[in-house]
Amino acid sequence: MCEEKSFEVASIPFQSVKKLPTPLSEAQCISHNNEILICGGLRQLDCYSYHTDKDEYKFICSYPSDIRLEGHCVVELVDNSPEIILLSFGGKYKHALIMKYISVWNNANERIKELGGHQWIPFKDNNDNPVNIGDEGDNYLGARAVIGGSNNNLLFIIYYPNNISVFTLNTFKCIKKCIINTNDKILYPCFIANPSIMKLDKTTEMLLFCQTTGLSINYNENNNIFQFCRLVMCDDIAPLRNYAYVCVNDFILFFGGWNGKLKKKSIISNSIYKFSIRENKWTTLQNALPTALRHCGATFNKRNKYIYAIGGYDKQQKEIPQNMKVHLDDVKQYVTIGKIKIIKNALVIMIAVSEYDIKDVSSLPGVKKDIANFHEVFHNELGYTFVFLNYKMTVDNIECLVQILNSQKNLQEYDGLIVIICGHGLQDMLLTSDGKYISIGQLCEIFVSDNLKVFCNLPKIFMVDICRSNAPESSELTSCGYKNIGRGFLIIWSTIKNNISIDNALFSKYIKNVVISKYDSGYPFKRMLEDIRREILNENFGKYYYVESQDTLDYDIIFQKKK
């Protein structure tokens with residue numbers, strides 16, 4: 001069974017790369033070392049090399065003037081030559097051409113001259129006869145291909161309306177044609193070799209996705225037979241084709257897509273979709289692209305770990321002049337974390353005990369800095385409702401929280417609860433101004449009580465900055481603990497058990513700094529905690545802080561500014 005998850009994220013940090021001299025759609029892109037080879041596009045014959053380090057383009061060559069490009073396909077042939085060999089074929093107006101490529105960025109002019117310069121020349125057999133790929137009646141508009149076979153000598157071609165064929169690259173013949181049993185018209189699909197399967201017993205496994213069709217396709221060279229196994233499709237991507245896609249390790253990332261319809265019925269996606277081949281699981285990152293996207297070229301550069309999106313059309317059917325790139329890690333942080341909860345309107349309550357009526361217990365002036373830091377991030381920056389309870393707090397005051405909360409209007413409008421606790425402490429308990437203790441566990445229970453059912457299904461984040469040293473042996477104090485706090489809580493402690501904390505506002509300072517610097521990019525909060533731990537430990541007095549958390553949430557959290 002396929003598991004499917006869908007959530008909305010803030011914008012993933014795509015970066016602009018230098019514009020192409022000519023805007024392209026339906027670009028065919030090949031990644032090679034530190035270059036992206038861009039081999040023409042819809043009615044555009046020019047080919048370029050984009051240098052990933054220099055952010056510059058160099059012209060390679062043009063297709064012959066009698067070639068018309070619309071929905072063509074380019075693949076890299078596997079060969080022992082010092083240069084790479086590209087095969088361009090198909091499209092609405094079929095052609096079959098090859099180019100031997102040596103980097104235009106290297107000082108290899110002599111070798112390029114030996115090859116007669118970079119040029120697309122007819123694909124020929126061993127007797128120097130031109131080779132045709134596809135019969136006259138085959139429709140190769142938007143066809144896609146995979147190199148496979150035990151000797152990388154087979155070209156598998158998926159083409160309209162529902163066909164697959166096998167073409168041998170050593171005998172230059174089509175040795176198999178098969179009709180795929182599907183209700184969809186296969187056009188501009190995703191078609192890849194399955195990277196998770198090793199080639200055994202002369203078999204090649206491929207994956208095909210187009211609208212509602214998802215197939216694992218197995219071909220056996222020994223008996224020249226295809227086997228098809230259906231894959232469950234994601235509802236979000238099922239209407240779409242014409243997406244850009246890249247395969248990295250054991251997952252496929254799809255960018256945008258189009259439902260093939262025009263005008264008011266047209267749907268062009270601005271989402272990213274991930275299919276985990278190993279887990280048979282879909283994840284949708286809704287609205288993750290800077291713009292809606294279709295007929296875009298995409299490739300993954302293994303050298304710098306960036307995904308490049310070249311050209312395409314936007315929602316207004318206009319060619320996109322600006323090409324983009326995004327680092328794989330910036331996408332993976334979303335597609336690997338599972339479920340997400342977005343908080344846009346939290347209620348923030350701060351219990352800050354800084355003044356004490358107890359002998360030998362000093363006040364905590366640093367708590368005022370804590371209040372300022374937390375107020376700046378959660379109220380001034382994110383726009384959340386911020387409630388501060390008095391510097392002098394007794395157990396009775398705190399137990400009146402229910403009444404305080406019930407006095408808040410429209411509690412049901414909040415989508416999260418953040419409780420911040422500062423003061424002296426012992427074990428897992430807060431010391432109040434009147435010398436009594438209340439456990440963090442008891443405070444948590446207040447927010448799942450019958451009187452506050454409105455918070456039961458919301459994420460509840462507790463940030464606790466208190467000393468956690470043990471009580472003296474003679475003391476009758478025992479911690480109520482926090483082991484059984486129930487579902488839906490994330491408790492963040494400024495330090496670990498049996499450790500002290502100091503009054504210097506480091507904990508609040510780095511929560512403020514990290515959240516403000518990263519929330520706008522959609523950075524998940526649990527990952528922020530890792531950065532907060534690291535930043536604090538690099539500070540003076542950082543040895544007193546070992547930020548610890550207890551988590552009963554089954555999702556991560558993304559903060560967004562209240563609108």
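Q: How many helices and strands are in the chain?
A: The chain has 8 helices and 36 strands. These are DSSP runs, numbered from the N terminus: helices are H or I with at least four residues, strands E with at least two. This is a predicted model, where local features need pLDDT of at least 70, side-chain atom pairs count only at pLDDT 80 or more, and totals for chains, interfaces and linings use all residues. Residues are numbered from 1 along each chain as its sequence is written, and side-chain values use heavy atoms, with hydrogens and water left out.

Q: What share of the residues is buried?
A: Of 563 residues, 57% count as buried. Buried means under 20% relative accessible area, exposed over 50%, partly exposed in between (1.4 Å probe, protein chains only).

Q: Cys 73 and Cys 229: what is the relative accessible area of each?
A: Cys 73 is buried at 3%. Cys 229 is partly exposed at 45%.

Q: How many disulfides are there?
A: The count is 0 disulfides, taking a disulfide as a pair of cysteine sulfur atoms within 2.5 Å.

Q: New topic. At what angle do α7 and α8 pack?
A: About 130°, with the axes 9 Å apart. Helix α7 spans residues 506-518 and helix α8 residues 525-537. Axes are lines fitted to C-alpha atoms, for helices over the stretch in contact, and angles run from 0 to 180 degrees between N-to-C directions.

Q: Which residues meet there?
A: Among them are Phe 507, Tyr 510 and Val 514 in α7, and Phe 525, Met 528 and Ile 532 in α8. Contact means heavy atoms within 4.5 Å.
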